[in-house]
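Please look through the sequence and the model before reading the points.

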Amino acid sequence: MTKLPEVWLRGPISGIEAALQPVAHALLQAAEEVPTLLRPLHAGQLWAAPGGAAPIGFHVAHLTGSLDRLFTYARGEPLSPTQQTALAAERTVVKSHPPLSQLLNEFERVLERALEQLRTTRPDSLHESRGVGRARLPSTVLGLLFHAAEHTTRHAGQIATLVRVVSSGTSAR
């Protein structure tokens, strides 16, 4: 099997504005890497907290929830009651331990919705002001989308590192 170059080295993503290509590249890279990293894990590995680090399962849930919230703010919308409930559940995910299949399904659903939003984001809207959170902290459409990409990449990296830690010297159960 030939290994493909990273997404950003494969050229532009069709239907995505040039200014948003880095966002799309980052999200698509995470879409390829995260499920591949997670599928071999068993529940004990998914929820292990080596050295007191947040478990892999938390990073997946937080990456997914944050991506959804940041893209909602980029649309200029407040969080829905469903998103508020999901945010509260995200805070206790380390205790509830949802199964990997649920975490992956939600991640893939949110990521696909984010990519669709990128396809429909107008270039002339990128510098429009947007408020973030209840305090309506100042940002822009572009700022929110780039932060969503950066945040997703950061957590994907943490997931990759933690997978190596929890997989070393263990076998899948």
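This is a predicted model: local features need pLDDT of at least 70, side-chain atom pairs count only at pLDDT 80 or more; totals for chains, interfaces and linings use all residues.

Residues are numbered from 1 along each chain as its sequence is written, and side-chain values use heavy atoms, with hydrogens and water left out.

**Helix α3**

- Helices here are DSSP runs (H or I, at least four residues), numbered from the N terminus.
- α3 has 19 residues and spans 27 Å from its first C-alpha to its last, close to the 27 Å expected at 1.5 Å a residue; the expected span is 1.5 Å times one less than the number of residues.
- Of the 19 residues of α3, 18 are buried, so the helix is largely enclosed by the rest of the structure; buried means under 20% relative accessible area (1.4 Å probe, protein chains only).
- H59 belongs to α3 and is buried, with a relative accessible area of 6%.
- Neighbours within four places in sequence aside, H59 is in contact (heavy atoms within 4.5 Å) with A54, H155, Q158, I159 and L162.

**Nonpolar core**

- A nonpolar core is a set of buried Ala, Val, Leu, Ile, Met, Phe, Trp, Tyr and Cys residues joined through side-chain atoms within 4.5 Å.
- The largest one has 45 residues, and L27, L38, I56, F71 and L118 have the most contacts inside it.
- Two or more residues of this core come from each of α1 (21–38), α3, α6 and α7 (141–167), and α7 gives the largest share, ten residues.
- L118 touches I16, L20, V23, A24, L27, F71 and L145, not counting residues up to four places away in sequence.

**Pockets**

- On a 1 Å grid over the protein atoms alone, a pocket is an open set of points where a 1.4 Å probe fits, with protein on both sides within 12 Å along at least five of seven lines; lining residues have an atom within 4 Å of a point.
- The largest pocket holds about 450 Å³ of space, and of the 22 residues lining it, A61, T64, G65, A86 and E106 are the closest to its centre.
- α3 (56–74), α4 (81–91), α5 (93–96) and α6 (100–120) each supply at least two residues of that lining.
- The second largest pocket has a volume of about 270 Å³.
- Eleven residues line the second largest pocket, and K3, L4, R10, Q29 and E32 lie nearest its centre.
- A volume is the space filled by probe spheres set on the grid points, which are joined across faces, edges and corners.

Note on methods
Buried means under 20% relative accessible area, exposed over 50%, partly exposed in between (1.4 Å probe, protein chains only).
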